[in-house]
Amino acid sequence: MSGTDEQFRARLLDMFREEADEYLEAIAAGLIELEKTGLVPELVESVYRRIHSLKGASRAVNLREIESICQNLETIFSLVKRGEYTPGVNDFDLFHRTLAVVKALLQEEQPDASPAEIVGALRAIPGKPAGSGPGPALREPHAPEARNGNDPAVTGPDRGTVRIAAHKLDRLTASADGLLTAQISIMQRIRELEEMVARFTLWQRNHSQAFNDLNLLQRKAFREEKAALPHDLVLPLQRAAEFLEYNREFVTYLQHDLATHLRAMEIDRSALKASTAEISDLIHDAALLPAASMLAPFSAFVREASRAAGKSVELTIEGGEIEVDRRILDALREPVMHLIRNSIDHGIEEPPVRIAQNKPATGSVRVRIFSRSGSRVGIEVIDDGAGIDSSAIRKTAVESGVITKKEDAALTDSEAIWLIFRSGMTTSRIVTDLSGRGLGLAIVEDTVSRLGGRMTVSSVVGRGTTISFSVPVRMTTLRGLLVRSGRQVYVIPIQQVKQVLRVHPDSLTSSRGRPTIRFSGETIEVIRLTDILGIPPSGPPPADTRPTPLVIIAYGAGQIACTVDEVIRVQEIVVRPLGSQLRSVRRIEGAVILGDGSVALVLDPLELIQDALQADRPAPGPALPGEAGWRILVVEDSVTSRVLLQTILEEAGHQVETAVDGIDAFARLKQHEFDMVVSDVDMPRMNGFTLTEKIRAEGRQFAGLRVALVTSLDSPEDRERGRAVGADAYVVKSNFNTEDFLETVRRLMRRRYGEVR
């Protein structure tokens, strides 16, 4: 195949993948709706046609495995259409598994099951003859009776739209934002011209005072006392006087031309601003997508996650038609997923518990999108689960070292709820692949804050929780506060600037050895901006007699007050990335080119607050017992798995011993002291569940010993049994990740020694 043919095929495959993703999302949503509402003919027809279209598209690009899968899935739905077959719960599980395999093939990843296995499972469904093709009810796309003008899967392309690659749209948007840089430069030139006009005005005032003296010199030198002057001075003085007169007229005309030029530049600036705003608005509008495009895959996720947790959960989406910038939707995908996952794992109770509380057996998670004033959109994630127990939050926060007991005593219940957004916070007693790591909600708040949003939480124990936030509809240019600290100019995003003040040093108080200020009933720590950034002072400290500019920065639940040397102004900014070499530089988000051509650094408010507050914390105490390398017993009957776990833990610096089954492990525990047990479940003589039960039954002897089960058993019943026998973590081998596993070990050890202290 020639290079041109290969390039064409690559482009064709890219187009197919984009089209196939849309089909897969639509089919998955249709399957969820069919399982929820029953076999509504219109829904069956819609799912059938999308499967048929996906089959035809895969045939066009010669992806035979996907074509074969779709062919068999299409045959099943042809039987469903004719009323000859009604799929059950297990069949819908297979359908969703089929879509997952197709998606993995599209992304050139290794699927959980081979295409042959999926095809065999589809052909083995009762009521469908093995190896049969499409039934007589199937219609080819060109058949007139198969067309439906309301079904986008079978209609022709909309002549009023054009498909554009996302990366091209991003480049176009960045170029439009770049026009703002030119606009800022023109504004800087206008300011410079205005300064020149001001200087000419001052010159004109001084010249008027000197003009009378010039007239006096002319009268004395050339009229009244001309004879008294030496002859050789008369001509030079006359020329100097004539030049000064000419100079006055020249500067007057120059001042007039400068003012005219300034007015023309102002007109040009206004025209550029209008054009820039129009182009930017049009391009940003082109990047708007319905929120449903982000939420569509969540229905399948909720179905799988709730079944894995042994729960029944129904997802409802409201306001999916509201359009939001694609980049904002991409940024919110993971945070909203975290909130939904948190509702499933921590909020929604198991069916027997819900029934005992007079609740429906099926829990409800509702995602609501709604428009707000000021070009913003609100998003709410609402569940009808158990709510947030503030006492459990407090206990976990103290055990995890997030807050001290003294800080806990000063918190109200409503303030304690906000601790769920702190990194490392989780009330889950057992760590699983679904939750228990304490990272999800911290990531949510971080993302929302970076988008210029604020979060609110409301919860009623036993009735449910609502987490809501608002973000801009469009990813527009930012407004920043320009400040100078030391010799450098910095930009602070205006969304995180709570207040700008000028305070006298005598008005500051001291708390824990740091200056503080009282503002709106709160005590806020004060620190110099260059001190947070780690920049040494460039000169002697300023005198304490002058008022000091103070910028209060708020980000989520944290806030600090930064002293700076000068607050310059607020202006629109276009943040430029630092590049791959400087991407890891802390506290700096990017750079801005100012109108005079100089570069200002854009600060990261979150990291500024974190570093400032961390610097204020007392020095850490002695290391936790065994922190240089904990003693861990690995229990695994498989040699390969045993060596793998041992190697991972030893490379992390831990002391590892191994056992081949539960009986061997329990004997070793009686002989030696360990900090943690990492055990398989399915083993001869004594399995991991029984081993965990015996460890917990010993009471004081093994008090605090952590147990993590690493197993291939991933059913809801197995997970629940692991929780019931007292395991601290349940790690499924199919989802095993080395970094996550080591983080789980570290977190469990922190819990253990936090409790000891």
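Is F92 buried or exposed? F92 counts as buried, at 6% relative accessibility (buried is under 20% relative accessible area, exposed over 50% and partly exposed in between, with a 1.4 Å probe and protein chains only).

The model is predicted, with local features needing pLDDT of at least 70 and side-chain atom pairs pLDDT 80 or more, while totals for chains, interfaces and linings use all residues. Residues are numbered from 1 along each chain as its sequence is written, and side-chain values use heavy atoms, without hydrogens and water.

**View A. Ring pairs link F77, F92 and F95 into a cluster.** Rings of Phe, Tyr and Trp (its six-membered ring) pair with centres within 6.5 Å; planes under 30 degrees apart are stacked, over 60 edge-to-face and the rest tilted. The F77 and F95 rings have centres 5.4 Å apart and planes at 45°, so this pair is tilted. F77 lies in helix 3 (residues 64-81) and F95 in helix 4 (residues 89-106); helices are DSSP runs of H or I, at least four residues, and strands runs of E, at least two, numbered from the N terminus. F95 is buried at 0% relative accessibility. For F92 and F95, centres 5.7 Å apart and planes at 75° make the pair edge-to-face.

**View B. An open sheet of five strands has the order 2-4-5-8-7, with mixed pairing.** Strands pair if DSSP finds at least two bridges between them. Strand 2 (313-318) and strand 7 (454-460) stand at the edges, each with a single partner strand. Strand 2 pairs with strand 4 (residues 363-372) in the parallel sense over six bridges, and V313 stands opposite G363.
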